[in-house]
Amino acid sequence: MFAKGYHDLGTPAPREAGTNNPVSPSITLEIDGTSVTVAEGTSVMRAAAVASRDIPKLCATDSLKAFGSCRLCLVEIDGRRGFPASCTTLVAEGMKVRTESPKLTELRRNVMELYVSDHPLDCVTCPANGHCELQDMAERLDITSTRYGLAGSNHHHGELDKSNPYFQFDQSLCIVCSRCVRACDEVQGTFALTVQGRGFHSQVVASAHEPFVDSECVSCGQCVETCPTGALVENSVIRVGAAERATKTTCAYCGVGCSFEVEMKGDQVVRMAPDRNGHANHGHACVKGRFAFGYATHRDRVLKPMVRAKISDPWREVTWEEAIDRTAREFTRLRDKYGAGAIGGITSSRCTNEETFLVQKLVRAAFGTNNVDTCARVCHSPTGYGLKSTIGESAGTQAFDSVEKADAIIVVGANPTEAHPVFASRLKQRLRQGARLIVIDPRTIGLVRSPHIAADVHLQLRPGTNVAVINALAHVVVTEGLTRDDYVRDRCEADSYAKWKKFIAEPRNSPEATESMTGVPAALVRSAARLYATVPNGAIYYGLGVTEHSQGTTMVMGIANLAMATGNLGREGVGVSPLRGQNNVQGSCDMGSFPHEFSGYRHVSDDAVRGAFEAKWGVSLKAEPGLRIPNMFDAALDGTFKGLYVQGEDIAQSDPNTHHVTEALSAMECVVVQDLFLNETAKYAHIFLPGSSFLEKDGTFTNAERRIGRVRKVMEPRAGFQDWEVTMLIANALGYPMRYRHPSDIMDEIASLTPTFAGVSYEKLDRLGSVQWPCNDKAPEGTPTMHVETFVRGKGKFFVTEYVPTTEHTTSEYPLLLTTGRILSQYNVGAQTRRTDNVIWSSEDLLEIHPHDADVRGIKDGDWVGITSRVGSTVLRAEVTDRIQMGVVYTTFHFPESGANVVTTENSDWATNCPEYKVTAVEAIRVAHPDEWRARHESSLRHTTTA
Ligand code: SF4
Ligand code: SF4
Ligand code: SF4
Ligand code: FES
């Protein structure tokens, strides 16, 4: 077996009550004659492990509180009677402990014999063989048989629950140590498991003794990870067998950026084991990262390049040489005929930093234009603009660990339990310790009420009124004297503060004045503001519910204003943290994917910066910003934009107003799509270049906390090339030389050109595991918390955040507001997760509608509902629920069949063009024949594609 590289110390390190700060070592004791000094509150088991004396254990593990049930960890302590359990006994000054003695061995052997007498002795065929702690302990104590015999009552025929697609639960192998139950409670926070019955009859059950798949379980796999026997085991382990090697990598799903050990046998993934040394996830994971990796080897993967003259022609498979040659010839032709401004590229927030950097380099240096943009345009571009303007850096201010020190937490426009599940579990741990919670969301998201969690305040605003709500919160803070004027005086621009304060104090911004617009009772706004502003540490976490609005940037500025005014920036426990949707949204923005910026957010018009790139790249570069994605579409329809290279992004499904997007794509002469699957955008492509999954490549991703983590290749690229190699081939075919031997060469170039990355290298990432940028001479090991002494821009700047209602409003024709979001089991446009067993939890987008709105329209749960907006229509199945408020409907956009973005409008953020996905006025009607609606939706798309 491979070494897992993690030394489990048995019980968690003690923390200072209320603060979660580590406790300094102060207690010295002797363990087997060796002196060791540890923190007060440390268990004897942990102290022994620190002194390299690993005491036998089964029910203990250092990610869970000590439980003391297995009695295997007994020790002898001078002056104490009996044999205390070392996991539940705390150290004391001068204590003398013996971890081994003939008596202890006898007692431990007795315990093990009892376990073994009720355990099927077929280790050789057990899927846990080789990584079973029960087996290890039996070997360590030399138990090969049992004096108690095997004939008595036993659990050998316990239930076998195979209902979950990813793991099974075999009661016959369960020793009822309760580690799974505690993992589900303490780490995941779902409380899905309990021990039912007593004594011999006690057993672990899911929910009210239901099959796992029908229970409250959300399939995070933490119980599987912690089970010390083969009772809970992954189906992939059963299917593939024991792993031969393990490689660390970073999850390719959401912006939490969990670190995993990919366990492999040959070229097959045995399992994705959450990395206990992972800085973002500390050994935890969610159903997507943990289990939904099957898309990488799905039969739908396109493994051969393909070309066609017209999008109505069938695809023709070609060699890589032909595909690359054709790509280069087409872009050269278009550039020669129409000019460099007629072509461009889109980078992907799913690809690595290195791949993204190369695509923008290809566009700027080889195409000769700044027409490069990224899918972050449609999600977090307002974050970049809003935070850069106010505090000076386009990124979140904290590490995830910071939440452990927050006293009041605002979650606004984000649904972490669905979209950022591992962070949500950390957040819930802190809430269970007593931190207070304010949720600002049109829906009753999971955090509002879940086991042992209840939001103190839920501001259930009407979609589109974010800015009015943040202004009202700030109004209370300012008018009730809750600002931290000393902090602001030291750290912010006085003029901008005075101007903002005057504006925000105006009565029109009060909770009472805005109540009728926002739908939020003024008293709730007042109590939320007081709560956030008066605790020692107030933290704000936000998501796309903040950014995807016509005032997305204003709202981000409003959040930064509120945090500055209350002194909640620049230390642990506070901050402004955007929860990024895709795995590398942060990275794709950092790498210079926007048309106006080079890597590190430096404007293309800055002569010194541009000069550095020109010198390194050996070409002259344009000083004017290029086209953003929506401008590319408009220009295509105007006949001035002709060719697009899209890497790893499905713009036809993910961008708003699908008709407009597909019309624009249809109007181009050459669309090159590089992806794993023949996605919706590929329907409008002339050249298809197969992509490589994260398992097939080397590189780095940057998560929502600016953490750069390594992606490591565990299998050969199935189509022959990693994505960065394909971009390099295109550049070379265009006559612009790119000669990288490995992505580490690309990172070296990034570091040489980007001050915030100057200290980043693969050697450092391998050594430290990951680093958070800025990483340079000033911060050689990275920067967990930003803006500590001063803001990156020097003085923080307040912006006046006038609330301007969206032009998208309800009318008698479109009386409902549609808003969109995500669900746990699916990811983004679903290209990956739809090709995994995750579909058993969600196989279609549903339309959530309030019982009253459903009732007046004669809509019942499960009915087909036609949705019509000013720009399009589609059909979805209804879910009648009071999670959503009256007058608002909600859906996800994971399935192309429903095409939720067919109805979203082209409204966008005033500063960044980020689409206003979150507010669309619609009408919903019950539909008897969904196929007619579907046909209508599809034919309208077909019509636009052939027009
Ligand atoms: S998979 Fe996760 S949610 Fe489900 S029972 Fe196990 S720990 Fe709980
Ligand atoms: S399933 Fe595993 S972790 Fe849970 S009680 Fe049984 S042996 Fe312990
Ligand atoms: S929380 Fe996000 S990064 Fe972590 S395993 Fe899940 S999808 Fe992957
Ligand atoms: S490890 Fe201490 S009682 Fe189980």
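Which residues surround ligand 1? The views below take that up, then move to strand S30. This is a predicted model, in which local features need pLDDT of at least 70 and side-chain atom pairs count only at pLDDT 80 or more, while totals for chains, interfaces and linings use all residues. Residues are numbered from 1 along each chain as its sequence is written, ligands are numbered from 1 in the order in which they are written, and side-chain values use heavy atoms, with hydrogens and water left out.

**View 1. The shell around ligand 1.** Here you'll find Phe-167, Cys-184, Gln-188, Leu-193, Phe-212, Cys-217, Val-218, Ser-219, Cys-220, Gly-221, Gln-222 and Cys-223 (a residue is near if one of its heavy atoms lies within 4 Å). Helix H4 (179-188) and helix H5 (222-226) each give two or more residues to this shell. Helices are DSSP runs of H or I, at least four residues long, and strands are runs of E, at least two. Sorted by type, the shell has 8 nonpolar residues, 4 polar and no charged. Cys and Phe count as nonpolar here, Gly as polar.

**View 2. Strand S30, tucked inside.** All 5 of the 5 residues in S30 (707-711) are buried, so the strand is largely enclosed by the rest of the structure. Buried means under 20% relative accessible area (1.4 Å probe, protein chains only). Arg-707, Gly-709 and Val-711 sit on one side, Ile-708 and Arg-710 on the other.

**View 3. The neighbours of S30.** Strand S29 (699-702) pairs antiparallel with S30 over 4 bridges (pairing takes at least two DSSP bridges). Phe-701 has Gly-709 as its bridge partner. In the hairpin, 4 residues lie between S29 and S30, and Arg-706 in the turn has a positive phi of about 65°. S31 (770-772) also runs antiparallel to S30, joined by 3 bridges, with Val-771 opposite Ile-708.

Methods
Buried means under 20% relative accessible area, exposed over 50%, partly exposed in between (1.4 Å probe, protein chains only).
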